[in-house]
Amino acid sequence: MATILGVTILASMSTGAYAATKLQEIKAYLNPGVKVKVNGTLVQLKDAKGSAIVPIEYKNSNYVPARAIADALGVAVDYDPATQTIIFGEKVEGTALSVGFDDMYYTKDPAFTSYKGKDYKEAYFNNGTGDRSVNFMLHPNKQYQTLQLQIAAIGSDLKNITVKDTKKDVILKEVQLIKAEDGLTTIEVNIGGVEELFVEGSISSGGTVFIPLTTSQYK
């Protein structure tokens with residue numbers, strides 16, 4: 001952030017916010033001459049749709065959208081219209097992975113959502129046959145800073161677990177082994193600015209992968 005001197009961050013607001021009595025009309029100018037560097041590298045700031053944006057100059061200060069700076073720095077950003085609050089980084093309240101999760105091994109069947117006597121109500125329960133790759137997609141959509149993924153291996157060890165940012169083709173986390181005797185293990189991953197994740201591992205014949213989707217969460 002130290003390299004982005006003189007930049008004040010503005011949040012994008014919904015059209016309904018313009019009815020607020022605290023808003024004041026101003027006269028400002030688009031300034032395409034202003035450049036932004038992050039860690040010494042020039043970056044092109046973009047809006048939520050991926051279109052290039054130009055900073056606005058007002059009273060000798062430069063203004064850019066909060067999301068553009070957050071994306072450039074790899075930090076999650078969100079806006080709560082109810083409280084008109086911009087939220088950077090990790091949220092206090094987590095969002096369960098069960099929200100919007102879509103995979104053939106997703107289940108609400110009580111026979112498969114329980115682990116060591118506790119029913120988690122919704123789970124990823126992969127009990128396929130043979131030696132195999134275990135994988136699924138997640139879609140944080142740049143809204144969160146941290147992924148807390150709980151995983152248990154049953155009957156066989158889970159090996160070579162990776163969490164990958166598919167858009168940037170970068171591995172964000174690698175865990176070599178989760179043993180069956182380890183029980184429920186939490187993997188924490190920094191996912192600030194990440195749109196889509198691919199989670200993958202491998203397990204031997206007879207093994208099952210259990211992920212409680214109600215306690216695994218984005219923050």
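The second largest pocket has a volume of about 350 Å³. Lining this pocket are 16 residues, and closest to its centre are K46, D71, K142, K168 and G193. A pocket here, on a 1 Å grid over the protein atoms alone, is an open set of points where a 1.4 Å probe fits, with protein on both sides within 12 Å along at least five of seven lines; lining residues have an atom within 4 Å of a point. The volume is the space filled by probe spheres set on the points.

This is a predicted model, where local features need pLDDT of at least 70 and side-chain atom pairs pLDDT 80 or more, while totals for chains, interfaces and linings use all residues. Numbering runs from 1 along each chain as its sequence is written, and side-chain values use heavy atoms, without hydrogens and water.

Back to the lining: it divides into eight charged, five nonpolar and three polar residues, with Gly counted as polar. Helix α1, residues 66-73, gives the largest share, three residues; helices are DSSP runs of H or I, at least four residues, and strands runs of E, at least two.

On the surface, L30, V54 and I56 form a nonpolar patch with about 250 Å² of accessible area together. I56 sits in strand β5, residues 56-58, and is partly exposed at 33% relative accessible area, between the cut-offs of under 20% for buried and over 50% for exposed.

Last, S205 is in the loop between β19 and β20. Its C-alpha atom is 4.0 Å from that of G130, 75 residues apart along the chain.

How values were computed:
Patch = residues over 30% accessible without salt bridge, like charges linked within 9 Å, V, L, I, M, F, W, Y side chains within 5 Å. Areas by Shrake-Rupley, 256 points an atom, 1.4 Å probe, with all protein chains shown as cover. Salt bridge = Lys/Arg side-chain N within 4 Å of Asp/Glu carboxyl O. Buried < 20%, exposed > 50% of the residue type's maximum accessible area, 1.4 Å probe, protein only.
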